[in-house]
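Subject: Handover of a structure and its findings

Dear colleague,

Please find below the structure that I am passing on to you.

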Amino acid sequence: MRDDHEPNDAFYPRIEMWKCTSFQELGGDQQHTLRTLYQSYFYGRQDQYWADTAMMKLPPLLDATGMLVCGEDLGMVPACVNGVLKN
């Protein structure tokens with residue numbers, strides 16, 4: 001995530017960052033702000049990227065085999081998964 005005012009600075013949230021002791025040391029407002037950024041980053045901003053990437057990879061896979069294609073839940077499932085698999 002980039003700040004338009006500081007384009008050379010970037011923040012990449014860690015998966016399950018709330019389990020870190022440094023996160024737990026933060027005040028409630030800061031924790032809330034970071035959780036909001038986390039939610040946006042992992043479950044909002046990357047959905048379209050995930051869908052676009054999947055649509056480049058899945059059609060050739062489906063054309064190459066008669067096997068059933070399914071999605072495995074490894075913990076973080078983008079909202080677009082059902083729609084991509086239906087298409």
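Which helices each supply at least two residues of the lining of the second largest pocket? They are H2 and helix H3 (47-64); helices (H or I, at least four residues) and strands (E, at least two) are DSSP runs, numbered from the N terminus.

Please note that this is a predicted model, in which local features need pLDDT of at least 70 and side-chain atom pairs count only at pLDDT 80 or more, while totals for chains, interfaces and linings use all residues. Residues are numbered from 1 along each chain as its sequence is written, and side-chain values use heavy atoms, with hydrogens and water left out.

The pocket

The second largest pocket has a volume of about 150 Å³. A pocket is an open set of points on a 1 Å grid over the protein atoms alone, where a 1.4 Å probe fits, with protein on both sides within 12 Å along at least five of seven lines; lining residues have an atom within 4 Å of a point. The volume is the space filled by probe spheres set on the points, which are joined across faces, edges and corners. Among the lining residues are Phe42, Trp50 and Met76. H3 gives the most to this lining, with three residues.

The aromatic residues

Three aromatic pairs were found in the whole structure. In one of them, the ring centres of Trp18 and Tyr38 are 5.0 Å apart and the planes stand at 75 degrees, so the pair is edge-to-face (centres within 6.5 Å make a pair; planes under 30 degrees apart are stacked, over 60 edge-to-face, the rest tilted). This pair links distant parts of the chain, 20 residues apart: Trp18 lies in the loop between strand E2 (6-10) and helix H1 (21-24), and Tyr38 in helix H2 (residues 28-45). Trp18 is partly exposed at 27% relative accessibility, whereas Tyr38 is buried at 5% (buried is under 20% relative accessible area, exposed over 50%, partly exposed in between, with a 1.4 Å probe and protein chains only).

The core

Tyr38 also belongs to the largest nonpolar core, which has seven residues, including Met17, Leu34 and Phe42. Such a core is a set of buried Ala, Val, Leu, Ile, Met, Phe, Trp, Tyr and Cys residues joined through side-chain atoms within 4.5 Å. H2 gives the most to this core, with four residues.

Yours sincerely

Conventions:
Rings of Phe, Tyr and Trp (its six-membered ring) pair if their centres lie within 6.5 Å; planes under 30 degrees apart count as stacked, over 60 as edge-to-face and the rest as tilted.
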